[in-house]
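Here is a short tour of a protein chain for anyone who likes to know which residues touch which. Keep the 3D view open while you read.

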Amino acid sequence: MNHIDFLGFVNPQEVDISCAPIRKEYQNLRPDDIVPLFLTFKRASGLSPRTQNDYRKTLSLFFYRFPDALDLPRERTMEFLSSYENPSTYNIHFAYLKVFWDWTAREGYFRGDRHPLDGLKKRKPRGRIVQLEEREVFKLLQQPDKTRYTCETRFFRATCSQI
């Protein structure tokens with residue numbers, strides 16, 4: 001089945017983008033060529049300046065550590081992500097790199113035979129337990145303006161009266 005339209009472009013809805021071949025004219029592109037194009041695309045998509053900056057920082061760090069990542073996308077992406085133990089940090093880098101690699105595949109810049117994040121999942125953040133003294137809990141419960149919230153209920157009164 002032919003997945004190329006009359007202008008010679010691959011229709012991404014008809015092709016598995018995880019293995020779309022790189023177009024011949026893009027084989028010599030480097031990260032300095034592709035990252036600005038990606039950031040321009042994200043800016044045109046209406047992304048907030050803060051998120052654009054986060055993408056720029058993540059991709060700059062990634063390609064600084066692994067300048068050959070366009071040639072070895074899966075290996076370098078796994079090396080990069082494996083350096084993060086904190087699930088929150090891992091997950092944000094995972095998300096930014098996923099969007100970047102998806103875009104490179106759609107645009108025909110992708111050089112791998114398999115999506116770099118294929119088989120990897122986001123990590124589940126560890127639960128956070130905070131221990132408070134009884135007086136700290138009481139102080140926190142006294143903070144809400146009880147005249148403005150509908151939580152002036154039997155539960156709220158019962159909780160406060162037990163302390």
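## Starting from Phe 63

Let's begin with one side chain and its surroundings. Beyond its neighbours within four places in sequence, Phe 63 is in contact with Pro 31, Val 35, Ala 69, Leu 70 and Phe 100. Please keep in mind that this is a predicted model.

## The chain as a whole

Stepping back, the secondary structure comes to 6 helices and 0 strands. Read from the N terminus, the order of elements is α-α-α-α-α-α. The chain has 163 residues, and 31% of them count as buried.

How much of the contact in the chain with a separation of 6 or more comes from residues 24 or more positions apart? Such pairs account for 63% of those contacts.

At the start of H4, Asn 86 places a side-chain oxygen within 2.7 Å of the backbone nitrogen of Ser 88. Just after H4, Gly 108 has a positive phi of about 90 degrees.

## Where H2 meets H4

How do H2 and H4 pack? Their axes are 10 Å apart, at an angle of about 85 degrees. Angles from 65 to 115 degrees count as roughly perpendicular, and therefore H2 is roughly perpendicular to H4. On the H2 side, the contact is made by Thr 51, Asp 54, Tyr 55, Thr 58, Leu 59, Phe 62 and Phe 63. H4 brings His 93, Tyr 96, Leu 97, Val 99, Phe 100 and Trp 101.

An α-helix has 3.6 residues a turn, so residues three or four places apart point the same way.

Residues up to four places away in sequence aside, Thr 58 touches Phe 80, His 93 and Tyr 96.

Thr 77, in helix H3, is also buried, with a relative accessible area of 0%. Setting aside neighbours within four places in sequence, Thr 77 is in contact with Phe 62, Leu 97, Trp 101, Pro 116 and Leu 117.

Phe 38 has its place in helix H1 and counts as buried because its relative accessibility is 0%. Apart from neighbours within four places in sequence, Phe 38 is in contact with Tyr 55, Leu 59, Val 99, Phe 100 and Trp 103. Val 99 lies 61 residues from Phe 38 along the chain, yet their C-alpha atoms are separated by 9.7 Å.

Notes. Residues are numbered from 1 along each chain as its sequence is written. This is a predicted model: local features need pLDDT of at least 70, side-chain atom pairs count only at pLDDT 80 or more; totals for chains, interfaces and linings use all residues. Side-chain values use heavy atoms; hydrogens and water are left out. Contact means heavy atoms within 4.5 Å. Helices (H or I, at least four residues) and strands (E, at least two) are DSSP runs, numbered from the N terminus. Buried means under 20% relative accessible area, exposed over 50%, partly exposed in between (1.4 Å probe, protein chains only). A polar contact is a pair of N or O atoms within 3.5 Å; within protein, one must be able to donate a hydrogen and the other to accept it, and residues adjacent in sequence count only if both atoms are side-chain atoms. Axes are lines fitted to C-alpha atoms, for helices over the stretch in contact, and angles run from 0 to 180 degrees between N-to-C directions. Angles under 35 degrees count as roughly parallel, over 145 as roughly antiparallel, 65 to 115 as roughly perpendicular and the rest as oblique.
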